[in-house]
Amino acid sequence: MTTTIRARGPRELLAYVPFRLGYRPDDSAVLISLRAPRGRVGLVARADLADLADLEHGPQVARTLVSHLCADGARRAVLVVYTDADLRTGGASAARERAAVEHCRDAAEDFLGDLEVWVVGAQGYSSLDCLDEACCPAAGRPLTDLESTQVGAHMVLAGAAVAPSRAHSLAIAVLEPALRRRAVRASARWRAEREKALAGGGDATARWRAAGLDAWQVAVATVDRRERGGEVALPPALLGRLEAALESIPVRDAV
């Protein structure tokens, strides 16, 4: 199923970001590509605030992100800053966050125009440039607004889930010892096959790499069936095969 998301207001857009990333961002800046002509959401790119704010490397990080958005077909973009710092007041407490925003705005100005910037914290969300207390109170609009959106309902019905943090989203469940041993044995077999293929020349190596890519495609198809409701697990032998295959740079590039 292909999901088409269009920007129909900031609430919908902000509600969509965690679903797109798979987790709730923290201490992050997220650039969102809006494609012409109707504001269709394209690339969603996240970076650590510390990297974007760095005085030496931050401007280049911002330019790289903007270049990816432009390559994605963006005609304008929205920047969402996830922090508890108050960017609308002066002082050193939010200097890093303001530096990250300025680097992004400078990088985007000639290509995407002025960035619309939103700030999402633990207590609320608000537009960085809105000074209307009725629209954007000092504490921000309540985060509960983002929990009752059309986009959120659509993503939940589609089976999407949001992990509480990036670390949770990347956590890998540990297999039972017997299954781990089977995966290790499979990985060792595929490494031995790789050595034979390398000794056998280009054609043998190409076949080994193609088999590794086939294993990846089988794994993806298996997980896709599980996300559509089937109770399907990745076999330990396949996991071991993937471990060996993904040690090959050409296989990783193909993936």
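Here is a short briefing on the overall build and the surface charges of this protein. The model is predicted, so please read every value below as computed from it. The protein contains 10 helices and six strands, and its surface carries a negative patch built from Glu102, Asp106, Glu109 and Asp110 as well as a positive patch built from Arg181, Arg182, Arg185 and Arg189.

**Overall build**
- Along its principal axes, the C-alpha trace spans about 70 × 40 × 40 Å.
- Of the 255 residues in the protein, 38% are buried.
- If you look at contacts between residues at least 6 apart in sequence, 62% of them join residues at least 24 apart.

- The protein has 33 positive and 33 negative side chains, and the centres of the two sets lie 10 Å apart.

**The negative patch**
- Glu102, one of the residues in the negative patch, is found in helix α4, which covers residues 95–112.
- Glu102 has a relative accessible area of 41%, so it counts as partly exposed.

**The positive patch**
- Arg181, one of the four arginines named in the positive patch, is found in helix α7, which covers residues 177–200.
- Arg181 is likewise partly exposed, because its relative accessible area is 48%.

Definitions and conventions:
Residues numbered from 1 in each chain as written. Predicted model: local features only at pLDDT ≥ 70, side-chain atom pairs only at ≥ 80, totals over all residues. Heavy atoms only, no water. Patch = residues over 30% accessible without salt bridge, like charges linked within 9 Å, V, L, I, M, F, W, Y side chains within 5 Å. Areas by Shrake-Rupley, 256 points an atom, 1.4 Å probe, with all protein chains shown as cover. Salt bridge = Lys/Arg side-chain N within 4 Å of Asp/Glu carboxyl O. Lys, Arg positive; Asp, Glu negative; His and termini not counted. Charge placed at Lys NZ, Arg CZ, Asp CG, Glu CD. Helix = DSSP H or I, 4+ residues; strand = E, 2+ residues; numbered from the N terminus. Buried < 20%, exposed > 50% of the residue type's maximum accessible area, 1.4 Å probe, protein only. Contact = heavy atoms within 4.5 Å.
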